[in-house]
Amino acid sequence: MTGDKLIDLMVARLVRDHGRSKYHWRKVIGAVRLYGRDTHPHCNWTITPTGSFQEIGAVETLLDELRLRHPLLSG
């Protein structure tokens with residue numbers, strides 16, 4: 001899985017579960033930051049969402065699930 005595909009998956013789930021637009025959730029999610037697998041062998045990515053407490057909570061809850069299913073991303 002790539003960072004772009006992860007964001008697409010997150011946006012689709014957030015729109016389905018919480019409403020609002022794709023644009024809105026892409027803005028809340030922000031960018032995926034990738035790290036080298038040599039220094040981060042268990043999970044090589046992170047996202048720092050911005051927005052209201054409820055929006056950040058929705059994104060963080062989804063991130064917890066996705067980190068278990070997709071711990072390593074490719075470029």
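What is the accessible surface of the protein, and what share of it belongs to carbon and sulfur atoms? The accessible surface comes to about 4800 Å², and 56% of this belongs to carbon and sulfur atoms; areas are from the Shrake-Rupley method with a 1.4 Å probe, and for residues only the protein chains shown count as cover.

The model is predicted, so local features need pLDDT of at least 70 and side-chain atom pairs count only at pLDDT 80 or more, while totals for chains, interfaces and linings use all residues. Residues are numbered from 1 along each chain as its sequence is written, and side-chain values use heavy atoms, with hydrogens and water left out.

**Figure 1. Overall fold of the protein.** The protein has 3 helices and 2 strands, in the order α-α-β-β-α from the N terminus on. Helices (H or I, at least four residues) and strands (E, at least two) are DSSP runs, numbered from the N terminus. The C-alpha trace spans about 40 × 20 × 20 Å along its principal axes. Buried residues make up 32% of the 75 residues, where buried means under 20% relative accessible area, exposed over 50% and partly exposed in between (1.4 Å probe, protein chains only). Of the contacts between residues at least 6 apart in sequence, 55% join residues at least 24 apart; a contact means heavy atoms within 4.5 Å.

**Figure 2. Salt bridge between Glu65 and Arg13.** The closest N and O atoms of Glu65 and Arg13 are 3.1 Å apart. The pair links distant parts of the chain, with Glu65 in helix α3 (residues 53-69) and Arg13 in helix α1 (residues 3-18), 52 residues apart. Glu65 is partly exposed at 30% relative accessible area, whereas Arg13 is buried at 19%. A network of salt bridges links Arg13, Glu65 and Arg69. The structure holds 6 salt bridges, each defined as a side-chain nitrogen of Lys or Arg within 4 Å of a carboxyl oxygen of Asp or Glu.

**Figure 3. Salt bridge between Arg20 and Glu55.** The side chains of Arg20 and Glu55 meet at 3.7 Å, N to O. Arg20 lies in the loop between α1 and α2 (22-29) and Glu55 in helix α3, so the pair ties together parts 35 residues apart in sequence. Arg20 is exposed, with a relative accessible area of 56%, while Glu55 counts as buried at 13%.

**Figure 4. Salt bridge between Asp64 and Arg67 within helix α3.** The closest N and O atoms of this pair are 3.7 Å apart. Asp64 and Arg67 are separated by about one helical turn because they are 3 residues apart in helix α3. Both are partly exposed: Asp64 has a relative accessible area of 47% and Arg67 one of 24%.

**Figure 5. Surroundings of His70.** His70 is placed in the segment after α3 and counts as buried, at 18% relative accessibility. Leaving aside residues up to four places away in sequence, His70 touches Met1, Leu9 and Trp45.

**Figure 6. Charged side chains.** There are 11 positive and 8 negative side chains, and the centres of the two sets lie 4 Å apart. Lys and Arg count as positive and Asp and Glu as negative, without His and the chain ends; a charge is placed at NZ of Lys, CZ of Arg, CG of Asp or CD of Glu.
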